[in-house]
Structures are given as structure tokens and as C-alpha cells.
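Work through the two exercises below with the sequence and the model open. Each task is followed by a solution in steps.

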Amino acid sequence: MLTATIKIIENTGDKMNSTITFGREINHGPLFRSILISAILGIASSFANNKIGITIFLIILFVMLFIYYPSYLPLLYGYWILEKHGITYYDMSSYRAKLKLIFLAKQSKLQFISYSQIHNFTVKTENKTYSVEDITTLNNTKQSHFVWLRKPLNLEIQLKSHNINLDMSFDQLHDNKNIQARVMNVSNILEEKI
């Protein structure tokens, strides 16, 4: 389900009267798909030999849960929201944080950054970094459906102690016609707020 929407909230006199959402929320999909694919391949292999079937099941399950999904989780579930007072996002900065999201998807809490914590921001693609002044020159490219072939499109938030990369490539794939306008809108809002 595509969650790249703009939700209107009450207008309280501030110029920003909506939230802008990117990516899709984490769910139990990675866990269920890992088990399902492992079981199918394990059962198919068990027709030859039961031990081989169990071994294949465990190897595929391990690879999907501990290698594939942690590597590509930010591109598959890089959900974040630009709100009136800051940015809400899933912390995927460490391997442990990614595993927590995979195994405890709906119990995972979103992190919040207020605009006052943000020192600067840039939009990064594979070969170029854009500031608010040159964001209009962003070249919109077509994204691959294969996650390992996706080209980066990130909003890099620079805080005092570290940087946070928020993925926009999911939306570039699923909402290609509007992504450039949405990125410019985010840049304008951030420029105004920080």
C-alpha cells in the first residue's frame, strides 16, 4: 500500500497546515515473507531429502531475516513524516534497530526531530548533492522495482552530533510524476522552519 500522501490537518494560522508522508510503514511483511519463502523452498527440497529440506529452510530464513531485510529495510520501509513541529521517522541507524523493526514491527516507536535540532539539510542522489538553492535542478530518474538496483534519493538531515538519511526512492518509484514537486515542497518547508 502506497502511503505517499499529503494529509490535511487543522489550519492553526501557520503556513504549514499539512503533513507530508514518505515511504511506507513497517509491518510484519518481512517476517511473514521470510517464513513463507523459506517454508516453500524447504518443503520443495524435502521431497529429495528431509534433512536437506530442513537445512534449506533454515538457511533461507537466516539469509532473509538477518542479511537481506536488514540491508534493504530503509529502501523498503523508509517511512517518515514532515509535520508541523518536526520530522518523525523510524530509526534504522544500526543493525540492531533494523532487526527490532523486522521482529517487532508494530511495537516499534517512531523517533522525532524538532526543527530546532536541525542545523542543515541536503537532498542526495547517486551522483549529486542538492541544497535548497539548486533543488529545482533535481533530475528525476526512473527507479527499479528491484530494491538492490534502486538509485539513492535521500533527504540528509544534519544534526549537531550526527546525520540522518531519510529515503525518498520508494516514493520516486511509486509516485514518479509528483516526486520532484514533493521534494521541492519539503525543501521549502525545511528552509522556512530551520
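**Exercise 1: the core**

Find which residues of the largest nonpolar core touch the most other members.

Solution. Step 1: the core has 27 residues, and Trp80, Leu82, Ile87, Leu155, Ile157 and Leu190 touch the most other members. A nonpolar core is a set of buried Ala, Val, Leu, Ile, Met, Phe, Trp, Tyr and Cys residues joined through side-chain atoms within 4.5 Å; buried means under 20% relative accessible area with a 1.4 Å probe, protein chains only.

Step 2: two or more residues each come from β2 (18-22), β3 (80-82), β4 (86-89), β6 (120-125), β8 (153-158), β9 and α5 (179-193). Helices (H or I, at least four residues) and strands (E, at least two) are DSSP runs, numbered from the N terminus.

Step 3: α5 gives the most to this core, five residues.

Step 4: another core lies apart from it, with 18 residues, including Ile26 and Leu65.

The model is predicted: local features need pLDDT of at least 70 and side-chain atom pairs pLDDT 80 or more, whereas totals for chains, interfaces and linings use all residues. Residues are numbered from 1 along each chain as its sequence is written, and side-chain values use heavy atoms, without hydrogens and water.

**Exercise 2: contacts of Ile157**

List the residues that Ile157 touches, not counting those up to four places away in sequence.

Solution. Step 1: take contact as heavy atoms within 4.5 Å.

Step 2: Ile157 then touches Ile87, Ile113, Ile118, Asn120, Phe121, His162, Asn163, Ile164, Leu166 and Leu190.

Step 3: compare with the core, where Ile87 and Leu190 are among the residues that touch the most other members.

Conventions
Buried means under 20% relative accessible area, exposed over 50%, partly exposed in between (1.4 Å probe, protein chains only).
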